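Hello,

Here is the structure I promised to hand over. Have a look at it first, and my notes follow below.

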Amino acid sequence: VEDALRQSQKMEAVGQLTGGIAHDFNNMLATVIGPLDLLAMRLGDNDPRAKRYIDMAIDGATRAAQLTQRLLAFSRQQPLQPVPLDVNQLVAGMSDLLVHSLGSSIRLQTVLAADPWRTFADANQLENVILNLAVNARDALPGGGRLTVETANGEITAGAASAPADVPDGQYVLITVTDNGSGMPPEVIAKAFDPFFTTKKVGQGTGLGLSQVYGFVKQSAGHVKIRSAVGQGTTVTLYLPRLMADIAAAPSPTTSGTAPLSGGRER
Ligand code: ADP
């Protein structure tokens, strides 16, 4: 719990700082890109070489602007719009996007739960989270490989050997993303959720993917766990709370099935 608190305070502080910087930086970039565009227009076809240099400058500045956009999105912590959600439908609906993002050397496998429970979460953000995980898997599979996205119903009960540390008892909808890529050593796992922690080259990683994943599950009253071994691969498991209304409505000797539809975030 203390770790989780420290993690979210860290994210908040970093978020505020980067939000301010990204905002100002973005405005400054606009004062660079604007005049370059005008210059390129004035030049027309008169001087192709000069035009090429200007295009290169515009290109670089545009990429910088895209990075600040991402930083801004991260720092804003957009309010979530949770809805009752069937994760099977969501995962199935992403397969084209995933295949496209993974490229032809990585095989996508989806394993969907039979009779899945529903959760209460923001659909767009959850898609983003799964995409982040898939992109990380792709980066860990430079020579190709396999990515599996699996949904499952999961009940955590106290003391069970299989219960992961820090995941409280309860009923969860599980989404597991597994790759057979490079894996992470323990010291990388320990820092993986930190904002701006990356082992990738400058320009290839922002270190924001997993901290976004972490922020999302916390805001959704869920949890996230990484299991990874160097040379074997990585499994990231999202634990999203089962929709309250569905728990209450499930046939049981003590409930009558007249649960309110809203407020499914906590349990
Ligand atoms: P980024 O991908 O921009 O580096 P992330 O926060 O998504 O930022 O990931 C942080 C780090 O965690 C990565 O730089 C990488 O070292 C490690 N990592 C994340 N996912 C995986 C994975 N599936 N396999 C191996 N390493 C990973």
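Which residues are buried in α7? They are Gly209, Leu210, Ser211, Gln212, Val213, Tyr214, Gly215, Phe216 and Val217. That is nine of the eleven residues of α7, a helix that is mostly covered. By "buried" I mean that 20 or more other C-beta atoms lie within 10 Å of a residue's own; 12 or fewer make it exposed, anything in between partly exposed, and the C-beta atoms are placed from the backbone. Helices (H or I, at least four residues) and strands (E, at least two) are DSSP runs, numbered from the N terminus.

Before you go further, please note that this is a predicted model: local features need pLDDT of at least 70, side-chain atom pairs count only at pLDDT 80 or more, and totals for chains, interfaces and linings use all residues. Residues are numbered from 1 along each chain as its sequence is written.

The chain as a whole

The protein chain has eight helices and seven strands. Its C-alpha atoms fill a box of roughly 80 × 40 × 35 Å along the principal axes. Of the 267 residues, 27% count as buried. Two residues are in contact if their C-beta atoms, placed from the backbone, lie within 7 Å. Among contacts between residues at least 6 apart in sequence, 71% join residues at least 24 apart.

Around the ligand

There are 22 residues around the ligand, and Asn136, Ala140, Thr198, Gly205 and Gly209 come nearest. A residue counts as near if its C-beta atom, placed from the backbone, lies within 6 Å of the molecule or strand in question. The elements that give two or more residues to this shell are α5 (123-139) and α7 (209-219). The one that gives the most is α7, with three residues. Sorted by class, the shell has eight nonpolar, twelve polar and two charged residues. For these classes, Ala, Val, Leu, Ile, Met, Phe, Trp, Tyr, Cys and Pro count as nonpolar, Asp, Glu, Lys and Arg as charged, and the others, Gly among them, as polar.

How α5 and α7 meet

The axes of α5 and α7 come within 9 Å and cross at roughly 145 degrees. Axes here are lines fitted to C-alpha atoms, for helices over the stretch in contact, with angles running from 0 to 180 degrees between N-to-C directions. On the α5 side, the contact is made by Gln125, Val129, Asn132, Leu133, Val135 and Asn136, and on the α7 side by Gly209, Gln212, Val213 and Phe216. By class, this contact has five nonpolar, five polar and no charged residues.

As for α5 by itself, Leu126, Val129, Ile130, Leu133, Ala134, Asn136, Ala137 and Arg138 are buried. Its length fits too: at 1.5 Å a residue, the 17 residues of α5 should span 24 Å, and the end C-alpha atoms are 24 Å apart, which agrees. The expected span is 1.5 Å times one less than the number of residues.

Alanine 221 has a positive phi of about 60 degrees although it is not a glycine. It sits in the loop between α7 and β6 (223-229), and it counts as partly exposed because it has 18 C-beta neighbours inside 10 Å. Aspartate 166 has a phi near 70 degrees, also positive. This aspartate 166 is in the loop between β4 (145-156) and β5 (170-179), and with 12 C-beta neighbours inside 10 Å it counts as exposed.

A few single residues

Proline 82 lies in the loop between α2 (48-76) and β1 (83-85). It is buried, because 21 other C-beta atoms are within 10 Å. Proline 82 and aspartate 122 are 40 residues apart in sequence, yet 4.0 Å apart in space, C-alpha to C-alpha.

Isoleucine 58 belongs to helix α2 and is partly exposed, with 16 other C-beta atoms within 10 Å. Leaving aside neighbours within four places in sequence, isoleucine 58 is in contact with Ile33, Leu36, Asp37 and Ala40.

Isoleucine 156 is in strand β4. Not counting residues up to four places away in sequence, isoleucine 156 touches Ala163, Val167, Asp169, Gly170 and Tyr172. Between isoleucine 156 and aspartate 169 the C-alpha distance is 4.8 Å, at 13 residues apart in sequence.

Best wishes
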